[in-house]
Amino acid sequence: MDLGIRGKTALVCAASKGLGKGCAQSLAREGVNLVITARGREALEATAKELSRYKVSVEIVAGDITTPQGREAALKACPAPDILVNNAGGPPPGDFRAWERDTWVAALEANMITPILLMRAVVDGMIARKFGRIVNITSGAVKAPIPELGLSNGARTGLTGFVAGLARTTVQHNVTVNNLLPGPFDTDRLRSNFEFNAKKLGKTAAELAQTRREANPARRFGTIEEFGDACAFLCSAQAGYITGQNLLLDGGSYPGTF
Ligand code: NAP
């Protein structure tokens, strides 16, 4: 299936590794020119080199997307994207009793306010050009909260509520806004969560990963390629009637009917 987005331009945030990289890869394969960001330049350069095999333009912007300077640099490199993929690292796990106001503000800044500001910066241009696809990488924790990830549960649910309203106002202009909710995907982030819990539970990270794999109806973790392909479809020309949705990719682990 030709997704009809060859020659479009995407800003993919936090994309040197993991789920963001999966999205960048799938979009590049569909012929989309990319601006990708991350804090670490080395991994970003390595990813850009890998993506160059798709014969699209790949520009890198090294910076922290959760800061004003990081967002400014990303938008300077890509002021008028057709596609925006919002992503950043998730907040740390922990016990809410230990979190002061500053910890909450940092989580809200990273996982709620940053994507909202980036959407604000690009959405009117998309509306004027009559094409726009915005995908926010959130978390399965929006549907089924994970107790030790309280900062993530809170900040991402705030973003989800905001997007639910925005998405209904832009779709008449062929600008859609959707969220992708990852369950367990085999990335550095998932591995670091296992390490955090392993220390608490007196087990190894490998043991916890195996238990979690077996508990998933798919008996495995997702791959970044599967995630990226779902993102590319939401960014396709064909997906113009899909907006305000929260698509869970979790191998069936959420147990509800809806
Ligand atoms: P990952 O494998 O650790 O990759 C994170 C990527 O984002 C890296 O390229 C990293 O590069 C970049 N990054 C992190 N913080 C950044 C920042 N402030 N500014 C710019 N770039 C930044 O993580 P992942 O598993 O792909 O997770 C992506 C998001 O999905 C996270 O918010 C995570 O919490 C969420 N999530 C993941 C899972 C899962 O199972 N993997 C499940 C639910 C939710 P640098 O470190 O060099 O900046």
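Helices (H or I, at least four residues) and strands (E, at least two) in these views are DSSP runs, numbered from the N terminus. The model is predicted: local features need pLDDT of at least 70, side-chain atom pairs count only at pLDDT 80 or more, and totals for chains, interfaces and linings use all residues. Residues are numbered from 1 along each chain as its sequence is written, and side-chain values use heavy atoms, with hydrogens and water left out.

**View 1. The shell around the ligand.** Here 28 residues surround the ligand, the closest being S16, L19, R39, A88 and T187; a residue is near if one of its heavy atoms lies within 4 Å. Helix α6 gives the most to this shell, with three residues.

View 2. Look for pairs of N or O atoms within 3.5 Å. A backbone N or O atom of R39 sits 2.7 Å from a ligand oxygen, and a polar backbone atom of A88 is 2.6 Å from an oxygen atom of the ligand. From D64, a polar side-chain atom lies 2.8 Å from a ligand nitrogen.

**View 3. Around I83.** Among the residues that I83 touches are I5, L27, M126 and C235, leaving out those up to four places away in sequence; contact means heavy atoms within 4.5 Å.

Notes
A polar contact is a pair of N or O atoms within 3.5 Å; within protein, one must be able to donate a hydrogen and the other to accept it, and residues adjacent in sequence count only if both atoms are side-chain atoms.
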